[in-house]
Amino acid sequence: MCVFLISGPAMKASKDCVVSFHYALTVEGEPLEQSRDQGQPVQVLLGQGQVVEGMEKALEGRSKGDVFQLDLDPGQAYGERREQAIQRLSKKVFGKGARLVAGSAVTLRRKDGSTLQGMIHKVGMTTVDVDLNHPLAGKALHFDVEIMDVREATEEERAHGHVHGPGGHEH
Ligand code: ZN
């Protein structure tokens, strides 16, 4: 339940609260992205694991208007890089005419039709090594966060496990 943790005018975010916030993400000193570029704040239904663990924890107990900074180790964010996540594939997999350059993004299709994002790590004579690590794996993340709103999730949102309305699912 989304509850008022402390009595007072401002609702404090907890599980089943919808938190709207703006963030700017900096990685290794480089500004990477900010939600204000998209206009809408990000909306998260707490308790659903929609954001990385460290962010989920940091949003708990926050109220509208809170501004804070957050530094996350890889373990609280996208995890460590795994060497096993670099897969060696035959060049044939990519078909003729594919532009195979280290550092470019590729989409791989599994047998069941689902897709997987990767990045070309190394191109050999007949093989291509594709890195399937999350691009932010192994990195410490720095966030500047401003809480724009905290509200109770609707029954429907709780049942679906995501936020509805502007900035959320429209269906
Ligand atoms: Zn829904």
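Modeller: Rings of Phe, Tyr and Trp (its six-membered ring) are said to pair if their centres lie within 6.5 Å, and planes under 30 degrees apart count as stacked, over 60 as edge-to-face and the rest as tilted. This is a predicted model, in which local features need pLDDT of at least 70 and side-chain atom pairs count only at pLDDT 80 or more, while totals for chains, interfaces and linings use all residues. Residues are numbered from 1 along each chain as its sequence is written, and side-chain values use heavy atoms, with hydrogens and water left out.

Colleague: What makes F21, Y23 and F143 a cluster?

Modeller: Ring pairs link F21, Y23 and F143, and the count by this rule is two aromatic pairs. F21 and Y23 lie 6.2 Å apart, centre to centre, with 45 degrees between the planes, and the pair is therefore tilted. Y23 and F143 are at 5.9 Å, centre to centre, with 70 degrees between the planes, so this pair is edge-to-face.

Colleague: Why is F21 called buried?

Modeller: Buried means under 20% relative accessible area, exposed over 50% and partly exposed in between (1.4 Å probe, protein chains only). F21 has 2% relative accessibility and therefore counts as buried; Y23 at 14% is buried because that value is under 20%, and F143 is buried with a relative accessible area of 7%.
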